[in-house]
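Dear colleague,

I am passing the structure below to you for your records. A summary of the findings follows it.

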Amino acid sequence: MKCRICRKKAAVKLPSHNTAFCKEDYLWWFQKNFRRTVKRFRMFKAGDRVLVGVSGGKDSLALWRLLVEIDLEADGLYIAQGIGHDELPYSDLGEDACREMAGKLGRPLKVVRVLAETGASVPELEGILRRKICSSCGLTKRYLMNREALEGGYDVLATGHNLDDEIAMLFANVLTWDLQRLAHQSPVSPQRGPKLIKKVKPLCHFSEREVLAYTMLSGIRTMREDCPHARGATSIKHKELFSRLERDSPGSKRRFYKEFLRNREIFEQAKPPAELAYCHRCAMPTTNEVCSYCRLLHRVAASKEEVHDGPPKPRKIEPEPASPAPSGLCG
Ligand code: AMP
Ligand code: ZN
């Protein structure tokens with residue numbers, strides 16, 4: 001197959017766009033589409049300070065570089081979750097990749113450790129809370145990202161969610177017809193009140209494969225390992241389902257997401273955002289009197305006391321939620 005632009009041998013085939021590109025023209029195509037998404041959804045204003053949640057994986061590191069390339073003041077935030085062991089020090093590998101990118105871009109990277117913040121690493125939280133690990137991982141990440149962005153005086157929080165991530169979330173919400181979550185899912189979540197930062201997902205139109213091709217062709221070194229706890233997660237099963245669909249009918253993923261965005265307003269009108277309440281302990285937005293993060297802190301503290309009083313009684317592990325808390329709340 002030949003490059004659509006220069007007719008040289010193609011380096012990347014894009015069946016979903018029915019086209020192919022050589023290396024140089026692929027990078028040009030990717031950057032052009034990235035800028036178009038950023039502009040179309042009015043993700044940033046001139047002079048905005050942006051905090052990028054970086055995991056060390058391909059999506060968020062590519063995003064960080066792309067944001068710096070469009071002259072935004074974009075700093076990194078890595079949340080160290082304490083995942084992994086000697087053979088696969090997952091969190092340490094992620095942190096190393098983020099530090100390397102920070103050095104290359106000449107931008108600051110802030111590292112926040114879940115263990116230091118809560119008294120337990122994310123894997124330890126599973127035992128303490130008796131909930132699947134993915135739910136504590138999501139809760140701590142959402143809370144700490146929002147808090148760090150607000151405390152650091154940033155205007156926008158950017159994450160590297162790609163098309164496959166967005167579709168997996170959308171599909172989970174459609175399976176349960178969760179109108180609240182459907183109304184909330186968007187490439188841009190505006191700032192709501194003084195305590196809920198504006199959030200953007202500038203890679204939402206690129207598939208995982210397209211971002212991978214971009215990082216490889218532009219020489220970005222990323223962590224390749226998958227989270228050891230992700231195996232068997234519902235979102236991964238949904239991603240596999242859509243990959244099969246995409247193979248049989250290229251462009252299905254893009255159409256599904258594009259048509260959702262075109263009709264999103266219907267869900268927004270049906271479920272306007274709920275009035276914001278604020279946590280009695282930490283003053284962050286919540287739907288309860290005390291937010292989930294503060295309840296988590298309380299459970300960790302209580303478990304440390306239980307250790308002195310004897311072992312806790314075994315309880316059932318609760319299932320992971322399909323997607324984040326509605327309205328982007330921290331809990
Ligand atoms: P995930 O929830 O793991 O699919 O990641 C979605 C996005 O959240 C990534 O593209 C990053 O922008 C951000 N993210 C994930 N893990 C971390 C982390 N440990 N620290 C900071 N940001 C993260
Ligand atoms: Zn709280």
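**Domains and their interface**

The domain assignment divides the protein chain into domain 1, covering 1–40, and domain 2, covering 42–273. Please bear in mind throughout that this is a predicted model.

Between the C-alpha centres of domain 1 and domain 2 the distance is 24 Å. The contact involves 19 residues of domain 1 and 24 residues of domain 2. The size of an interface is often expressed as the accessible area that is lost when the parts come together. For domain 1 and domain 2 the buried area is about 1900 Å², and carbon and sulfur atoms contribute 68% of it. On the side of domain 1, the residues that lose the most area to domain 2 are Phe 30, Phe 34 and Val 38, which together account for 33% of what that side buries.

As to polar interactions, 7 residue pairs are in polar contact across the interface of domain 1 and domain 2, both residues of each pair being at pLDDT 80 or more. The count of salt bridges between domain 1 and domain 2 is 0.

**Salt bridges**

Side chains of opposite charge can pair when their charged atoms come close. In the whole structure, 21 salt bridges were found. Among them is the pair Asp 48 and Lys 45, whose side chains meet at 3.3 Å, N to O. Asp 48 has a relative accessibility of 4% and therefore counts as buried, the cut-off being under 20%. Lys 45, in contrast, has a relative accessibility of 55% and so counts as exposed, for which the value must be over 50%. Another salt bridge joins the side chains of Glu 117 and Arg 147, at 3.0 Å, N to O.

**The zinc site**

Which residues are the protein donors of the zinc ion (ligand 2)? They are Cys 279, Cys 282, Cys 291 and Cys 294, each through its SG atom, at 2.2 to 2.4 Å from the ion. The spacing of these donor residues in sequence is C-x2-C-x8-C-x2-C. The angles among the 4 donor atoms run from 106 to 114°, and the site is tetrahedral.

With kind regards

Technical notes:
Residues numbered from 1 in each chain as written. Chains lettered and ligands numbered in written order. Predicted model: local features only at pLDDT ≥ 70, side-chain atom pairs only at ≥ 80, totals over all residues. Heavy atoms only, no water. Donors = N, O, S within 2.8 Å, 3.2 Å for Na, K, Ca; no water. Tetrahedral: all angles 85-135°; square planar, octahedral: opposite > 155°, others 65-115°. Domains from an automatic or database assignment. Contact = heavy atoms within 4.5 Å. Buried area = accessible area lost by both parts, 1.4 Å probe. Salt bridge = Lys/Arg side-chain N within 4 Å of Asp/Glu carboxyl O. Polar contact = N/O pair within 3.5 Å; in protein donor to acceptor, adjacent residues only side chain to side chain. Buried < 20%, exposed > 50% of the residue type's maximum accessible area, 1.4 Å probe, protein only.
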